[in-house]
Amino acid sequence: MSIVVFGASGNIGSNIRKEALSRGHRVTAVTRSADLDPAERLTVLKADIADAGDVAKIAAGHDAVISAYSPGLRHHSADDAAELISNAHNALFAGVKQAGVRRLVIVGGVGSLEASPGVDVVDSDFYPAEHKAHTLRNREILRSLKRGDHDLDWTYVSPPLSIKAGERTGKFRLGEDRLLRDEAGESRISEADFAIAILDELDRGQFVRRRFTAAY
């Protein structure tokens, strides 16, 4: 399979890139800084995901697109991050359609998962107020996909509360709209295992036009 990965040098994106290559897929890795070296089955491009024309040119001829884009809260306020997220996804949806690529996997946020019956994580007491602006924008993107606003074979993937560097175990659980917690009450997964879940979905198509989450 030939796959475009936007955000391919980020923490999650780099693990997706490596997992895809390990499975024999051809990967076009798109970054804002082009700080990766090309390799066998790996093409590296510098481009802006917020430019629909760039997205269309890059995606053309590929089987699928994975977006692990994140504006980064270290460099932007929550309100600015929300605006960047909107611009990026609007361009992404338009660009993949223009390129004729139907399969799209979006790494989204945890905030739209249900923390308790009828209460999303973003609306819960424990969710940091400073993260709410961009989290609400991510939730609206998921809602727009569920409404059918974008005629694509999409999958939206939500991480658990904690996703960090760690061991690649291949052992985790899948869910849909509920936040997953382990027996100790923790909601977590390693970036490597999260990448496995994403590539499994691309290979199997279990959650087409649906959201899923993965955690221990």
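How many salt bridges does the count come to? In this predicted model, the count comes to 21 salt bridges. One of them is formed by Glu201 and Arg103, whose closest N and O atoms are 2.7 Å apart. Glu201 belongs to helix 5, whereas Arg103 belongs to strand 5 (residues 103–107), so this pair ties together parts that are 98 residues apart in sequence.

The packing of the helices is considered next. Two packed helices are described by the angle between their axes and the distance between the axes. For helix 1 (residues 11–22) and helix 5 (residues 191–204), the angle is about 55° and the axes are 8 Å apart. Because angles under 35 degrees count as roughly parallel and those from 65 to 115 as roughly perpendicular, helix 1 and helix 5 are therefore oblique to each other. The crossing in which helix 1 passes helix 5 is right-handed. On the side of helix 1, the contact is made by Asn11, Ile12, Asn15, Ile16, Glu19 and Ala20; helix 5 contributes Glu191, Ala192, Phe194, Ala195, Ile196, Ile198 and Leu199. By class, the residues of this contact between helix 1 and helix 5 comprise nine nonpolar, two polar and two charged.

Arg168 is located in the loop between strand 9 (162–164) and strand 10 (173–175). When its neighbours within four places in sequence are left aside, Arg168 is in contact with Glu19, Ala192, Asp193 and Ile196. Of these partners, Glu19 and Ala192 also take part in the contact of helix 1 with helix 5, as does Ile196. Arg168 and Ala192 are 24 residues apart along the chain, and their C-alpha atoms are separated by 5.1 Å.

Helix 3 (residues 78–99) consists of 22 residues. The distance from its first C-alpha to its last is 31 Å, close to the 32 Å expected at 1.5 Å a residue. Gly100 follows helix 3 and has a positive phi, near 80°.

Helix 3 packs against helix 4 (residues 132–147) at an angle of about 25°, with the two axes 7 Å apart. Helix 3 and helix 4 are therefore roughly parallel to each other, and helix 3 passes helix 4 in a crossing that is right-handed. In this contact, Ala78, Asp79, Ala81, Ala82, Glu83, Ile85, Ser86, His89 and Phe93 of helix 3 meet Ala133, His134, Arg137, Asn138, Ile141 and Leu145 of helix 4. Eight nonpolar, four polar and three charged residues make up the contact of helix 3 with helix 4.

Helix 3 also packs against helix 2 (residues 52–59), where the axes come within 7 Å and cross at roughly 40°. Helix 2 and helix 3 are therefore oblique to each other, and the crossing of helix 2 past helix 3 is right-handed. Helix 2 supplies Ala52, Val55, Ala56 and Ala59, which meet Ala91, Leu92, Ala94, Gly95, Val96, Gln98 and Ala99 of helix 3. The contact of helix 2 with helix 3 has nine nonpolar residues, two polar residues and no charged residues.

Definitions and conventions. Residues numbered from 1 in each chain as written. Predicted model: local features only at pLDDT ≥ 70, side-chain atom pairs only at ≥ 80, totals over all residues. Heavy atoms only, no water. Axes fitted to C-alpha atoms, helices over the stretch in contact; angles between N-to-C directions. Helix = DSSP H or I, 4+ residues; strand = E, 2+ residues; numbered from the N terminus. Parallel < 35°, antiparallel > 145°, perpendicular 65-115°, else oblique. Left-handed = near helix turned anticlockwise from the far one by under 90°. Contact = heavy atoms within 4.5 Å. Nonpolar A, V, L, I, M, F, W, Y, C, P; charged D, E, K, R; others polar. Expected span 1.5 Å × (residues − 1). Salt bridge = Lys/Arg side-chain N within 4 Å of Asp/Glu carboxyl O.
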